[in-house]
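Please read the numbered points alongside the sequence and the model.

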Amino acid sequence: MGYRLTHRLLSLICGLMLFAMMFVTLIDVVGRYLFNSPLQGATELTALLLVSTIFIGLPAVCLDEDHVTVDLVTDHLPAFLQPIRRAVIRLLSAIVLAVVAWRLFAYGHDLASYGETTVSLRLPVAPFAYLCSATTLVAGLITLRHAFSRS
């Protein structure tokens with residue numbers, strides 16, 4: 001799948017999840033204040049949608065290399081060091097993302113082993129940890145690819 005198609009698909013999924021969060025919040029507020037009956041599990045749904053949105057958006061951020069950066073020192077380095085610096089930072093970032101993906105997978109395995117669910121809706125939590133792990137791994141692979149690119 002090409003860069004643009006992948007980016008658009010990830011953006012569409014994130015947009016739909018943001019819309020779902022907005023809809024859940026709307027239904028919860030209307031139900032709470034007009035009918036004195038809030039939406040059961042709205043907080044859980046919002047939390048699960050939020051974490052999913054963040055982690056599904058992570059590969060899109062990595063595709064664009066649109067990370068938050070602080071360049072207090074790096075702008076003052078000589079021009080010939082900039083490509084090396086970028087490659088090293090990308091490689092270190094890919095390693096960190098791989099470690100985070102591994103730990104999220106292990107955490108998901110722990111959650112699955114004792115059947116962790118949300119309190120109200122009894123939704124299993126492990127699939128969300130696995131989703132976060134998979135998308136973090138994809139983000140790490142994208143960042144690793146960038147580490148060995150020419151730019």
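1. The term needed first is pLDDT, the predictor's confidence in each residue, on a scale from 0 to 100. The model under review is predicted. Its average pLDDT is 90, and 98% of the residues score at least 70. Helix H1 (residues 3–34) has the lowest confidence, with a mean of 92, whereas H4 has the highest, at 95.

2. The packing of H1 against H2 may be considered next. Their axes lie 9 Å apart, at an angle of about 160 degrees. H1 is therefore roughly antiparallel to H2, since angles over 145 degrees count as such. The crossing in which H1 passes H2 is left-handed.

3. Helix H3 (residues 82–113) packs with H4. The two axes cross at roughly 165 degrees and come within 8 Å. H3 is thus roughly antiparallel to H4, and the crossing of this pair is left-handed.

4. How are H2 and H4 oriented relative to each other? Their axes cross at roughly 10 degrees and come within 8 Å. Because angles under 35 degrees count as roughly parallel, H2 and H4 are described as roughly parallel to each other. Among the H2 residues that meet H4 are Leu48, Phe55, Ile56, Cys62 and Leu63. On the H4 side, the residues involved include Phe128, Leu131, Ala139, Ile142 and His146.

5. The largest nonpolar core comprises 14 residues, and Leu10, Leu49, Ile56 and Cys62 have the most contacts inside it. At least two residues of this core come from each of H1, helix H2 (42–64) and H4. H2 gives the most, with six residues. In general, nonpolar side chains of soluble globular proteins tend to be buried together.

6. Cysteine 62 deserves attention, as one of the residues with the most contacts inside that core. Beyond its neighbours within four places in sequence, cysteine 62 is in contact with His67, Leu97, Ala139, Ile142, Thr143 and His146.

7. Is histidine 146 buried or exposed? Histidine 146 has a relative accessible area of 12% and is buried, because the cut-off for that term is under 20%. This residue is found in helix H4 (residues 126–147). Setting aside residues up to four places away in sequence, histidine 146 touches Cys62, Leu63, Glu65 and Arg90. Of these, Cys62 and Leu63 are listed among the H2 residues that meet H4.

How values were computed
Residues numbered from 1 in each chain as written. Predicted model: local features only at pLDDT ≥ 70, side-chain atom pairs only at ≥ 80, totals over all residues. Heavy atoms only, no water. Helix = DSSP H or I, 4+ residues; strand = E, 2+ residues; numbered from the N terminus. Buried < 20%, exposed > 50% of the residue type's maximum accessible area, 1.4 Å probe, protein only. Contact = heavy atoms within 4.5 Å. Core = buried A, V, L, I, M, F, W, Y, C linked by side-chain atoms within 4.5 Å. Axes fitted to C-alpha atoms, helices over the stretch in contact; angles between N-to-C directions. Parallel < 35°, antiparallel > 145°, perpendicular 65-115°, else oblique. Left-handed = near helix turned anticlockwise from the far one by under 90°.
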